[in-house]
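I am keeping these notes as I go through one structure, entry by entry. I write down each thing that I looked up and what I found.

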Amino acid sequence: MKESVKVTFYVRRKQLKNGLYPLLMRISFGGERITVGQIGIYLTDPTYLKSNQVTSDCPNCNEYNLQLMQERVEVERIAFEEGPIFSLDDIKKRYLLSKNKTKALSILDVYREYLEVRQQEQERTNVCKKTRNKWVNSLKLFEAFTQQSKKLSSLNIRNLTEDVFYGYESYLLKTCGYEENTASKYLVYLKSVANYAVECSYIAYSKIAKCQLPKKESTVAPLNAEELKVLYNARFEKKHLSMAQEMFLFACFTGLSYCDVKSLTKGHIKKIGDTEFIIKDRLKTKVESDIPLIAPAQFRSEEHTSELQSRFGIS
């Protein structure tokens with residue numbers, strides 16, 4: 001095990017409001033890795049960190065490198081001296097306990113850190129920009145909520161309680177004017193932040209896990225054949241409306257979701273016998289779909305080939 005434990009440091013790419021870039025620590029062992037979080041070092045330039053060391057270009061490089069060495073030594077001490085270690089999570093929990101990392105971590109600190117982790121995951125999995133923006137907007141909303149009082153803006157992550165949760169719910173419903181289901185989505189984001197804090201051992205458990213989400217029953221009414229026919233025959237002068245119509249109809253006739261239609265390329269359309277098929281992995285489930293390109297869908301794609309190709313790469 002001694003040869004396998006590795007401590008690495010990396011810079012959060014998005015700078016804080018004060019213009020600084022925080023350093024984070026990651027522990028690796030046995031082919032797995034776990035993020036510990038911020039270590040209290042903030043750089044004015046993200047390029048100052050190279051090969052796990054702060055370069056001499058940084059004014060405080062000696063002080064920072066000494067701290068990095070101390071962090072590595074502490075992890076190794078925990079891994080090799082403090083009783084039996086069964087997993088990376090054991091090392092991380094003991095490290096955080098020894099360093100008392102949660103002392104100065106506010107809810108906003110953890111929210112921003114979690115958002116950075118999510119963004120890195122989303123970039124690797126090719127999540128659409130709209131989904132990424134939802135997380136960014138959720139942070140902006142929570143920041144606006146905490147700015148209502150100085151106490152809220154600096155509230156420790158350990159104090160993320162039901163009172164904060166329901167106070168945020170009231171803010172979303174009354175101040176922002178959101179419907180229950182929209183407010184519920186933003187509250188789910190906050191619950192995810194609390195769960196992340198538990199995973200990082202910033203808190204022992206989530207105090208908002210059992211909080212009820214606001215919900216308003218809504219009726220989903222599918223299009224019938226007549227309604228689909230009206231939309232099919234409609235013509236729009238504005239190009240963006242025409243494009244939205246074509247993409248929606250193409251999705252109706254193929255059963256593809258919006259993100260699957262958007263990622264569709266010429267290479268996904270193959271001819272087998274006399275029938276053309278869309279053969280592609282669904283982005284959400286990673287399961288391959290073989291969909292016959294029926295006449296209505298084929299007509300829609302052929303009629304707007306240039307538009308579809310320029311916008312979505314379909315031909």
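How much accessible surface does the chain have, and what share of it belongs to carbon and sulfur atoms? I found that the accessible surface comes to about 18,500 Å², and that 51% of it belongs to carbon and sulfur atoms; such areas come from the Shrake-Rupley method with a 1.4 Å probe, and for residues only the protein chains shown count as cover.

**Entry: ground rules**

I note that this is a predicted model, in which local features need pLDDT of at least 70 and side-chain atom pairs count only at pLDDT 80 or more, while totals for chains, interfaces and linings use all residues. Residues are numbered from 1 along each chain as its sequence is written, and side-chain values use heavy atoms, with hydrogens and water left out.

**Entry: the whole chain**

I looked up the secondary structure and found twelve helices and eight strands, where helices (H or I, at least four residues) and strands (E, at least two) are DSSP runs numbered from the N terminus. Of the 315 residues in the chain, 42% are buried; buried means under 20% relative accessible area, exposed means over 50%, and partly exposed lies in between (1.4 Å probe, protein chains only). Among contacts with a separation of 6 or more, 55% are between residues 24 or more positions apart, a contact being heavy atoms within 4.5 Å.

**Entry: an open sheet**

I followed three strands that form an open sheet in the order β1-β2-β3, with antiparallel pairing; two strands pair if DSSP finds at least two bridges between them. Because β1 (6-11) and β3 (32-43) stand at the edges with a single partner strand each, one side of each has no neighbour in the sheet. Strand β2 (residues 21-29) pairs with β3 over eight bridges. I noted two of the bridge partners in β3: Q38 for L24, and I34 for I27. The hairpin of β2 and β3 has two residues between the strands, and G30 takes a positive phi near 60 degrees there.

**Entry: salt bridges**

Which residues does D260 meet in salt bridges? A salt bridge is a side-chain nitrogen of Lys or Arg within 4 Å of a carboxyl oxygen of Asp or Glu, and by this rule the count comes to four. The side chain of D260 meets that of K280 at 3.2 Å, N to O. Since D260 lies in helix α10 (residues 258-262) and K280 in strand β7 (residues 275-281), the pair ties together parts that are 20 residues apart in sequence. D260 also meets R282, at 2.8 Å, N to O, and this pair links helix α10 with the loop between β7 and β8 (288-292), 22 residues apart. I checked burial as well: D260 is buried, with a relative accessible area of 2%, and K280 is buried too.

I then turned to R112 and D109, whose side chains meet in a salt bridge at 4.0 Å, N to O. Both lie in helix α3 (residues 107-124), three residues apart, about one turn of the helix. D109 counts as partly exposed, at 23% relative accessibility.

**Entry: a surface patch**

Last, I looked up a nonpolar patch on the surface, formed by L66, M69 and V73 with about 270 Å² of accessible area together. Patches are made of residues with over 30% relative accessible area and no salt bridge, like charges being joined within 9 Å and nonpolar side chains (Val, Leu, Ile, Met, Phe, Trp, Tyr) within 5 Å. L66 lies in helix α1 (residues 61-81) and is partly exposed, with a relative accessible area of 45%.
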